[in-house]
Amino acid sequence: MSERSQLQTGPTAAHDSAFLRACRREPVPHTPVWFMRQAGRSLPEYRKVREGTAMLESCMRPDLVTEITLQPVRRHNVDAAIFFSDIVVPLKAIGVDLDIKPGVGPVVAQPIRSRADLERLRPLDADDVTYVTEAIGMLTAELGTTPLIGFAGAPFTLASYLVEGGPSRNHEHTKALMYGDPQLWADLLDRLADITAAFLKVQIEAGASAVQLFDSWVGALAPADYRRSVMPASAKVFDAVADYGVPRIHFGVGTGELLGLMGEAGADVVGVDWRIPMDEAARRVGPGKALQGNLDPAVLFAGPEAVESKAREVLDAAAKLEGHVFNLGHGVLPTTDPDALTRLVEYVHEQTAR
């Protein structure tokens, strides 16, 4: 580890925050809350500041990144900020020809389908993403004792975008490569693991207090395929940042059958979507891990009484966990009423005050 990174491993101003304590499975003053996609289209202030600015450009402007990351902290009183970026930012930074198309998602001009294509993925250097370092420096100065969560896309999910050329329902090209050319697949994921680890290191060294690895599409796989074809690359990412001592969170969608393996990959905290109760998730993950989740994002459209009732179910199911970070089971939906999120944070804080 570099001298610079060693400077980041000491206690930060956020060290004793409820969020980081929960991640470390220590006693907390209340169950901490944050929301995936809390900085985004559900907020009118976000839509205003993003007006006329493309998504990827927004991610590369430290002033915008800082403002957008802070917006939900100010509005909702959440216990952690999540760095505003996108999982394809490191791919764009190394020269992959891609864009984020509104209403579609990341679209890759030339999908990776052969070994020659693989050579287009060069290593990521900190100098490729100086705007990330600058933005995190600005954010940590503003956030004080509120932790900042850095994040990256996991190798499988990045590979699925690169191989499919964009979002996919069935992942047929991805699975065809994984099953049909396992060595090329392994080499692709290994290269993406190095890029992802480098991206997370930049964020930690700049001041992020925790990191989350998003494996949004990995729920498309059976456990045996995950263990053989994906887990080694995810484990490589987690291992690469282990020495920094910051909590590492692992999250995927539709991953109920994979929760134990996702914990095995090296996460300190395993994110759970809304499909299984938190106590069952804890049984599948096993001891020694904190859990994060898992209110269905659609519940927020049902009115305050229903939201409180369903949140109570989550809290009751999580009551005996070693550590619990309250979150949604996926990201905030774009048409969510922001006031519903603010009320939910208040409710969880009040109900769990120790």
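Q: Contact means heavy atoms within 4.5 Å; what share of the contacts in the protein with a separation of 6 or more comes from residues 24 or more positions apart?
A: That share is 72%. Before going on, note that this is a predicted model, where local features need pLDDT of at least 70 and side-chain atom pairs count only at pLDDT 80 or more, while totals for chains, interfaces and linings use all residues. Residues are numbered from 1 along each chain as its sequence is written, and side-chain values use heavy atoms, with hydrogens and water left out.

Q: What makes the protein as compact as a globular protein of its length?
A: Start with the parts: there are 17 helices and nine strands, which are DSSP runs numbered from the N terminus (H or I, at least four residues, for helices; E, at least two, for strands). The radius of gyration is 19 Å, close to the 20 Å that the globule rule gives for 354 residues, so the protein is as compact as a globular one of that length. That radius is taken over C-alpha atoms, and the rule is 2.2 Å times the number of residues to the power 0.38. The C-alpha trace spans about 55 × 40 × 40 Å along its principal axes.

Q: Why is Leu 20 called buried?
A: Buried means under 20% relative accessible area, with exposed over 50% and partly exposed in between (1.4 Å probe, protein chains only). Leu 20 has 4% relative accessibility, so it counts as buried. You'll find Leu 20 in helix H2 (residues 18-23). Leaving aside neighbours within four places in sequence, Leu 20 is in contact with Ala 14, His 15, Pro 147, Ser 209, Ala 210 and Pro 247. Across the whole protein, 58% of the 354 residues count as buried.

Q: How do you know that the span of helix H5 agrees with its number of residues?
A: The expected span of a helix is 1.5 Å times one less than its number of residues. H5 runs over residues 62-76, so its 15 residues should span 21 Å, and its end C-alpha atoms are 22 Å apart, which agrees. Helix H11 (residues 182-206) gets the check too: its 25 residues should span 36 Å, and its ends are 36 Å apart.

Q: Where does H5 bend, and by about how much?
A: H5 bends by about 25° at Leu 70, and Pro 72 follows within four residues. The bend at a residue is the angle between axes fitted to the seven residues ending there and the seven starting there.

Q: Which residue follows H5, and what is its phi?
A: Asn 77 follows H5, with a positive phi near 60°. Just after H11, Gly 207 takes a positive phi of about 135°.

Q: Why is one side of S1 and of strand S9 left without a neighbour in the sheet?
A: The open sheet has seven strands in the order S1-S4-S5-S6-S7-S8-S9, with parallel pairing. S1 and S9 (324-328) stand at the edges, each with a single partner strand, so one side of each has no neighbour there.

Q: How many bridges pair S1 with S4?
A: There are two, in the parallel sense. Two strands pair if DSSP finds at least two bridges between them, so this pair qualifies. Ala 81 has Leu 148 in S4 as its bridge partner. S4 and strand S5 (residues 210-215) pair over five bridges, with Gly 150 opposite Val 211 and Ile 149 opposite Ala 210. S5 and strand S6 (residues 248-252) also pair over five bridges, and Phe 214 stands opposite Phe 251.

Q: What makes both faces of S4 count as covered?
A: In a regular strand the side chains alternate between the two faces of the sheet. In S4, Leu 148, Gly 150 and Ala 152 on one side and Ile 149, Phe 151 and Gly 153 on the other are all buried. S5 has Ala 210, Gln 212 and Phe 214 pointing one way and Val 211, Leu 213 and Asp 215 the other, all of them buried.

Terms used
Contact = heavy atoms within 4.5 Å.
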